[in-house]
Amino acid sequence: MKRSRINDIMAEADDFIRSFGFVLPPFAYWTPDEMRANAPRARAVIDGRMGWDITDYGQGRYDEMGLFLFTLRNGRLADLQRGGGMCYAEKLLISKQDQLSPMHRHYLKAEDIINRGGATLAIELYGSAPDGAFDGTKGGQVMCDGIAHDYAPGEVLMLAPGESVTLMPGDWHAFWGEGGDVLIGEVSTVNDDETDNWFREPIGRFAAIEEDVAPNHLLVSDYGRWLG
């Protein structure tokens with residue numbers, strides 16, 4: 001993806017988020033130089049990979065296959081492993097109309113996916129084989145706003161604003177905006193996008209960046225290269 005496109009997506013996403021009464025935290029608006037200057041006191045942001053995340057899954061077709069994310073907070077894996085402390089994470093996502101977030105699952109993370117506003121959020125579901133692999137013949141059970149729902153393989157849940165689904169490790173899922181763009185909330189256990197996204201197809205989690213202009217703000221995938 002071109003950096004100029006990423007800058008534009010950030011500005012558009014900020015406007016969309018604000019239209020629902022949400023405001024991103026102050027570090028969202030730091031320039032790269034400000035992020036460097038604040039790095040010593042922002043280690044929780046950097047180490048937890050909190051911040052802007054825009055991906056086309058390495059496919060170069062963001063409008064058809066892509067996702068906007070902003071990680072608002074993220075806990076510590078060590079706390080999760082010992083069973084106490086900051087064991088949670090929270091994100092905002094934007095799924096544009098007919099923009100696919102492809103079929104994937106998590107081995108560790110459980111997550112509530114919440115339609116915070118906009119159009120309908122469509123979520124396609126499958127269960128796992130005993131070894132965790134995708135199984136097109138398997139359904140399963142999820143909780144929709146606390147109510148148990150048995151899903152058939154390939155069933156598409158249609159979540160209106162205010163509705164949610166709880167996905168457990170092993171629930172294979174893909175999603176997109178149906179009829180328009182959707183603001184999504186995600187509340188989960190500790191998030192690790194480096195190692196805990198398992199896709200049905202052999203695709204990447206992060207976008208390759210073409211640096212045609214300077215970044216307005218850093219992506220989480222920039223932190224290692226820009227901040228050391």
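How many nonpolar, polar and charged residues does the lining of the largest pocket have, by class? I counted 6 nonpolar, 5 polar and 8 charged residues there. For the classes, Ala, Val, Leu, Ile, Met, Phe, Trp, Tyr, Cys and Pro are nonpolar, Asp, Glu, Lys and Arg are charged, and the others, Gly among them, are polar.

A note on the source before I go on: this is a predicted model, where local features need pLDDT of at least 70 and side-chain atom pairs count only at pLDDT 80 or more, while totals for chains, interfaces and linings use all residues. Residues are numbered from 1 along each chain as its sequence is written, and side-chain values use heavy atoms, with hydrogens and water left out.

**Pocket**

My search used a 1 Å grid over the protein atoms alone: a pocket is an open set of points with protein on both sides within 12 Å along at least five of seven lines, a cavity is a set where a 1.4 Å probe fits but cannot get out, and lining residues have an atom within 4 Å of a point. The lining of this pocket has 19 residues, and Asp47, Gly48, Arg49, Asn74 and Gly75 lie nearest the centre. Both α3 (43–47) and β2 (67–74) supply at least two lining residues, and α3 gives the most, with 3. Helices (H or I, at least four residues) and strands (E, at least two) are DSSP runs, numbered from the N terminus.

**Cavities**

Next I searched the whole structure for cavities of 30 Å³ or more and found 2. The largest cavity holds about 150 Å³. It has 18 lining residues, with Leu67, Leu69, His104, Glu186 and Asn197 nearest its centre. Strand β10 gives the most to this lining, with 3 residues. By class I noted 7 nonpolar, 5 polar and 6 charged residues.

The second largest cavity has a volume of about 30 Å³. Its lining includes Arg105, His106, Glu111 and His173.

Arg105 turned up again: its charged end sits over the ring of Tyr107, 3.7 Å from the ring centre. Here a charge counts if NZ of Lys or CZ of Arg is within 6 Å of the ring centre and within 35 degrees of the ring normal. I also found Arg205 over the face of Phe206, at 4.7 Å from the ring centre.

**Core**

The largest nonpolar core has 32 residues, and Leu24, Trp52, Ile54, Phe68, Phe70 and Tyr223 have the most contacts inside it. Such a core joins buried Ala, Val, Leu, Ile, Met, Phe, Trp, Tyr and Cys residues through side-chain atoms within 4.5 Å. Helix α1 gives the most to this core, with 6 residues.

**Aromatic rings**

I found 8 aromatic pairs in the whole structure. Rings of Phe, Tyr and Trp (its six-membered ring) pair if their centres lie within 6.5 Å; planes under 30 degrees apart are stacked, over 60 edge-to-face and the rest tilted. Phe134 and Trp172 are edge-to-face, at 5.7 Å centre to centre and 85 degrees between the planes. This pair links distant parts of the chain, 38 residues apart: Phe134 is in the loop between β5 and β6, Trp172 in strand β10.

Buried means under 20%, exposed over 50% and partly exposed in between (1.4 Å probe, protein chains only). My last entry is one aromatic cluster, formed by Phe27, Trp52, Phe68 and Phe70.

Technical notes: Grid points are joined across faces, edges and corners, and a volume is the space filled by probe spheres set on the points.
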